[in-house]
Amino acid sequence: MLMKSIAAGLAGTALFATVAFAQNPTATTDKAPTAATTATTTTTTASGEWRASKMAGLKIYNDANENIGSINDLLMDKNGDVKIAVIGVGGFLGMGEHLVAVPYDKLKFVNEAVAYTGTGANPGAKPAASTTTGAATGTEKTTTTTTTSSSKWYPDHAVFNATKDELKNMPEFKYAE
């Protein structure tokens, strides 16, 4: 019995060694490339591309620089093309928010921050980032800066030509279950 086990083990080892030896490539120059070597690859850098994970929560403004909502989700077809942006309008911290679906190609993405006039005419407008230096004595120095998103993986905001009330009056988007 022991002799049969040893013989079977040696035969199996020889079989595996033969299979492994057969997998070593041979060097020929007139052979056509295989499918594995002709497969397309993507680049390791994606300059100018946006991360889909960063698009959720992106603020949306209208042409009057009024904040009208934010992107909650992006819906794509089976080919991977984004077709619909689900926008959340109103509500507070996601509660009471009205979801609407708008065609993705109707959104215009902008890399520069929203222009702020400082007149108070647009209470929903987004001011540029500001930093305050010095003690809070009334003599502090305020610096306003505007950053571009050329180094970010997402745009600064999107523009959609509608008012907040028009979006709230659109039919509510519901996910099919």
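This is a predicted model: local features need pLDDT of at least 70, side-chain atom pairs count only at pLDDT 80 or more; totals for chains, interfaces and linings use all residues.
Colleague: Why is Ser 70 called buried?

Modeller: Ser 70 sits in strand β2 and has a relative accessibility of 13%. Buried means under 20% relative accessible area, exposed over 50%, and partly exposed in between (1.4 Å probe, protein chains only). The value of 13% falls under that cut-off, so Ser 70 counts as buried. Of the 177 residues in the chain, 20% are buried.

Colleague: Which residues does Ser 70 contact, leaving aside its neighbours within four places in sequence?

Modeller: Contact means heavy atoms within 4.5 Å. With those neighbours left out, the partners of Ser 70 include Lys 59, Ile 60, Val 86 and Glu 97.

Colleague: What makes a group of residues a nonpolar core?

Modeller: The group must consist of buried Ala, Val, Leu, Ile, Met, Phe, Trp, Tyr and Cys residues joined through side-chain atoms within 4.5 Å. The largest such core here has 18 residues, and Ile 60, Val 102, Leu 107, Phe 109, Phe 160 and Leu 167 have the most contacts inside it. Strands β2 (67–76), β3 (82–89) and β4 (98–103) each supply at least two of its residues. Not counting residues up to four places away in sequence, Leu 107 touches several residues, among them Ile 60, Val 102 and Phe 160.

Colleague: How do you know that β2 and β3 pair?

Modeller: Two strands pair if DSSP finds at least two bridges between them. β2 and β3 are joined by 6 bridges and run antiparallel, so they meet that rule. Met 76 stands opposite Val 82 in β3. These two strands form a hairpin with 5 residues between them, and Gly 80 in the turn has a positive phi of about 90 degrees.

Colleague: What about β1 and β8: how many bridges do they have?

Modeller: β1 (residues 59–61) and β8 (residues 157–159) pair in the parallel sense over 2 bridges, with Tyr 61 opposite Val 159.

Colleague: Why are β4 and β5 said to stand at the edges?

Modeller: The open sheet has 6 strands in the order β4-β3-β2-β1-β8-β5, with mixed pairing. β4 and β5 (108–110) each have a single partner strand, so one side of each is left without a neighbour in the sheet.

Colleague: What makes a space a pocket, and which residues lie nearest the centre of the largest pocket?

Modeller: On a 1 Å grid over the protein atoms alone, a pocket is an open set of points with protein on both sides within 12 Å along at least five of seven lines, where lining residues have an atom within 4 Å of a point. The largest pocket is lined by 14 residues, with Lys 59, Gly 69, Gly 90, Gly 91 and Glu 97 nearest its centre. β2 gives the most to this lining, with 4 residues.

Note on methods. Residues are numbered from 1 along each chain as its sequence is written. Side-chain values use heavy atoms; hydrogens and water are left out. On a 1 Å grid over the protein atoms alone, a cavity is a set of points where a 1.4 Å probe fits but cannot get out, and a pocket is an open set with protein on both sides within 12 Å along at least five of seven lines; lining residues have an atom within 4 Å of a point.
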